[in-house]
Amino acid sequence: MVRPTLRNEAQPRFFIIITLLLFIWITLPYLVAVRGNNHDYVFGGFLLNPLDGNSYLAKMYEGYRGDWRFTLPYTAEKSKGAFLYLYYLVLGHLGRELNLPLILVYHLARLFGAGVMVGALWRFWVGCFPEPDLHRLAFLISVFGLGMGWLVLPLGVVTSDFWVAEAYPYLSAFTNPHFPLALGLLLFIVTIDNQARGLWYWASAALLALLSPFGMVLALIILAWLAIWEVAPHFICLVKSGLFRRLVWIFLGGVPILIYHVWAVYSDPLLAGWNKQNITPAPPIWDMALSLSPWIWLGLLGLWLVARRGSLSQRLLALWLLTSLVLVY
């Protein structure tokens, strides 16, 4: 038997250390805030974007009281509701069954999502960069990396890297349960060397569509472009390719849920009115450039090399970068 090298033995250790550091950094600030409770101040449970956080808690309360349909909690007008935000409704049911405070269930689910996310990130980067030094560096940057918006913060300018939490794995894990879980599912779906059975892709796509419809759309687009890029113009090869079969399972799992979401929102006047104002405008281009610096520039510099000599996983990275930048605007 060949004894593994010290480099190979260090791989699990590196992953465990970085994961533990992440869990400490996304938990410690909340523990400090809880200890700050006194007669004058009560910590509400959220350190970033409390407006959305309380809306998620309200959705959990609907599940806690036994509902399975989402209705708008901040209006006296009532509708028949729809099967939206099921993840938070399920967490509310879980809180009632376990007799736990909803805010505790919220943060336990947040940590669970963070665990799924870091595991998926590690698997994804190992597939992209077989060299240990490269995939460990990529993993470290993606887990803790943020932008350079701090450069203009003294001027009173708050850029996207301080509030668009779903754009950064660290902020996703710090903010709520569904951002990191959705990112983990997206990474599972697009990881090239993933040899999961079709039903796993179907289930993952269905759950991703429930958590993040835009993430589902992104996965379909980049995998479709990658499949066409790899086998075009030979259509028969496309149909027989593993990427095409994966796309079929993902389509069957996610697209029906996306269609239901659109129908449910626009068939209910109250939900349609709510959705009309539920808009997050794209940031100015200078904001995007600063918020994603310096990583976006390194990625753009590497696009040509990846397109010519990169692996299939690295070409997926290039398509992911370009597709995301186009979809934002």
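Where is the place of tyrosine 85? Select tyrosine 85: its place is in the loop between H2 and H3. The tour comes back to this residue below.

**Before you start**

This is a predicted model: local features need pLDDT of at least 70, side-chain atom pairs count only at pLDDT 80 or more, and totals for chains, interfaces and linings use all residues. Residues are numbered from 1 along each chain as its sequence is written, and side-chain values use heavy atoms, with hydrogens and water left out.

**The whole chain**

Show the protein chain as a cartoon. Its secondary structure comes to 15 helices and zero strands. The radius of gyration is 21 Å, close to the 20 Å that the globule rule gives for 329 residues, so the chain is as compact as a globular protein of that length. Here the radius is taken over C-alpha atoms, and the rule is 2.2 Å times the number of residues to the power 0.38. Helices (H or I, at least four residues) and strands (E, at least two) are DSSP runs, numbered from the N terminus.

Along the principal axes, the C-alpha atoms fill a box of roughly 60 × 50 × 45 Å. Accessible areas come from the Shrake-Rupley method with a 1.4 Å probe; for residues, only the protein chains shown count as cover. Of the 329 residues, 44% count as buried. Buried means under 20% relative accessible area, exposed over 50%, and partly exposed in between (1.4 Å probe, protein chains only).

Look at the contacts too (heavy atoms within 4.5 Å). Among those with a separation of 6 or more, residues 24 or more positions apart account for 68%.

**Stop 1: helix H1**

Select residues 6–35, which make up helix H1 and include tryptophan 25. Then pick Ile17, Leu21, Ile24, Trp25, Leu28, Leu31 and Val32. They form a nonpolar patch on the surface, with about 670 Å² of accessible area together. Patches are made of residues with over 30% relative accessible area and no salt bridge: like charges are joined within 9 Å, nonpolar side chains (Val, Leu, Ile, Met, Phe, Trp, Tyr) within 5 Å.

Stay in H1 and click phenylalanine 14. What does phenylalanine 14 touch, not counting residues up to four places away in sequence? The answer is Trp122, Arg136, Phe139 and Leu140. Phenylalanine 14 and leucine 140 are 126 residues apart in sequence, and their C-alpha atoms are 9.6 Å apart in space.

**Stop 2: helix H5**

From phenylalanine 14, step across to its contact Arg136. Arginine 136 and aspartate 133 both lie in helix H5 (residues 132–144), three residues apart, about one turn of the helix. Their side chains meet in a salt bridge (3.2 Å, N to O). A salt bridge is a side-chain nitrogen of Lys or Arg within 4 Å of a carboxyl oxygen of Asp or Glu. By this rule the count comes to four. Arginine 136 counts as buried at 15% relative accessibility, whereas aspartate 133 is partly exposed at 48%.

**Stop 3: helix H2 and its end**

Select residues 50–64. At 1.5 Å a residue, the 15 residues of H2 should span 21 Å, and its end C-alpha atoms are 20 Å apart, which agrees. The expected span is 1.5 Å times one less than the number of residues. Buried residues in H2 include Tyr56, Leu57, Met60 and Glu62. What covers the buried residues of H2 includes helix H3 (86–98), helix H4 (102–128) and helix H7 (178–190).

Now show Glu62, Arg65 and Asp67, which are linked in a network of salt bridges. Glutamate 62 meets arginine 65 at 4.0 Å, N to O. Arginine 65 meets aspartate 67 at 2.6 Å, N to O. Glutamate 62 is buried, with a relative accessible area of 2%. Arginine 65 is partly exposed at 44%, and aspartate 67 is partly exposed at 24%. Glycine 66 follows H2, and its phi is positive, near 105°.

**Stop 4: loops**

Return to tyrosine 85. Its phi is positive, about 50°, although it is not a glycine. Tyrosine 85 is partly exposed, with a relative accessible area of 26%.

Move on to asparagine 99, in the loop between H3 and H4. Asparagine 99 has a positive phi of about 55° and is not a glycine. At 65% relative accessibility, asparagine 99 counts as exposed.

Finish at proline 294, in the loop between helix H13 (285–291) and helix H14 (295–309). A cis peptide bond joins serine 293 and proline 294, with omega about 0°.
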